Amino acid sequence: KFNGEITTAEIGDNTTLRECVTVNRGTISKGKTVVGNNCLLMAYVHIGHDCKLGNNIIISNSTNVAGEIIIDDFAVISGDVQIHQFVHIGGHVMISGGSLVRKDVPPYITVAREPLNYVGVNSVGLSRRGFSKEKINEIQDTYRFVYQKGLNTAQALEVIEKEIPQSDERDYIINFIKSAERGITKG
């Protein structure tokens with residue numbers, strides 16, 4: 001996609017790039033690649049063109065992030081993960097090492113195995129970041145409809161909107177899933 005146009009790669013404050021990290025600049029598609037503040041990109045991480053990484057993200061060794069990927073705040077991606085282009089990874093996610101990420105990963109969850117599957121809510125990460133037990137339980141209740149009740153995605157979203165009280169977390173989950181262009185990682 002790059003044709004010599006003026007584009008940038010922007011790295012936020014207090015972000016650490018370890019040995020042999022590559023961050024490609026943007027292309028005509030979006031014009032810039034952005035890595036937010038307070039991120040840690042460990043050795044041999046690759047960030048492709050036109051990616052947008054939020055703040056406080058950790059990406060472990062030898063992970064490849066293809067082009068035009070969005071990663072929301074506080075995501076933790078273990079080592080040797082391969083992420084397909086155009087994927088969106090939600091905030092507060094934990095992705096297990098060696099994973100192949102082909103679909104969007106909704107916020108607040110842990111995913112693992114091959115093929116990639118929902119493992120549960122990232123309760124350890126959420127509690128470390130100050131989420132109350134009640135808030136974590138609310139997130140778990142929300143995801144039960146998506147992953148454990150045998151509903152398709154549209155049915156799950158309809159039930160969540162009716163049965164789970166409105167909150168920022170519930171709305172983030174609903175809006176993320178509704179906007180998932182690649183579909184979401186399933187259980």
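Modeller: Happy to! First, a helix axis here is a line fitted to C-alpha atoms over the stretch in contact, and angles run from 0 to 180 degrees between N-to-C directions. Keep in mind that this is a predicted model. The axes of α2 and α3 cross at roughly 155° and come within 8 Å.

Biologist: What makes α2 and α3 roughly antiparallel?

Modeller: The cut-off for roughly antiparallel is an angle over 145 degrees. α2 and α3 cross at roughly 155°, and therefore they count as roughly antiparallel to each other. Their crossing is right-handed.

Biologist: Which residues meet where α2 and α3 touch?

Modeller: From α2 come Thr142, Phe145 and Val146, and they meet Ala156, Val159, Ile160 and Glu163 of α3. Sorted by class, that contact has five nonpolar residues, one polar and one charged.

Biologist: And why are α3 and α4 called roughly antiparallel?

Modeller: Helix α3 (residues 153-163) and helix α4 (residues 168-178) pack at about 155°, with axes 11 Å apart. Angles over 145 degrees count as roughly antiparallel, and α3 and α4 therefore get that label. The crossing of α3 and α4 is left-handed. On the α3 side, Thr153, Leu157, Ile160 and Glu161 meet Arg170, Ile174, Ile177 and Lys178 of α4. By class, this contact has four nonpolar, one polar and three charged residues.

Biologist: How do you know that the length of α2 agrees with its number of residues?

Modeller: Helix α2 (residues 133-147) has 15 residues, which at 1.5 Å a residue should span 21 Å; its end C-alpha atoms are 20 Å apart, so the two agree.

Biologist: Which residues of α2 are buried, and what do they pack against?

Modeller: The buried ones are Ile136, Glu138, Ile139, Thr142, Tyr143, Phe145, Val146 and Tyr147. The buried residues of α2 pack against strands β16 (109-112) and β17 (117-121), and against helices α1 (123-128), α3 and α4.

Biologist: Now to a loop residue. Why is glycine 26 called buried?

Modeller: Buried means under 20% relative accessible area. Glycine 26 has 0%, and therefore counts as buried. Glycine 26 sits in the loop between β3 (22-23) and β4 (32-35).

Biologist: What does glycine 26 touch, leaving out residues up to four places away in sequence?

Modeller: Glycine 26 touches Phe2, Thr7, Thr8, Gly31, Lys32, Thr33 and Asp50.

Methods
Residues numbered from 1 in each chain as written. Predicted model: local features only at pLDDT ≥ 70, side-chain atom pairs only at ≥ 80, totals over all residues. Heavy atoms only, no water. Helix = DSSP H or I, 4+ residues; strand = E, 2+ residues; numbered from the N terminus. Parallel < 35°, antiparallel > 145°, perpendicular 65-115°, else oblique. Left-handed = near helix turned anticlockwise from the far one by under 90°. Contact = heavy atoms within 4.5 Å. Nonpolar A, V, L, I, M, F, W, Y, C, P; charged D, E, K, R; others polar. Expected span 1.5 Å × (residues − 1). Buried < 20%, exposed > 50% of the residue type's maximum accessible area, 1.4 Å probe, protein only.
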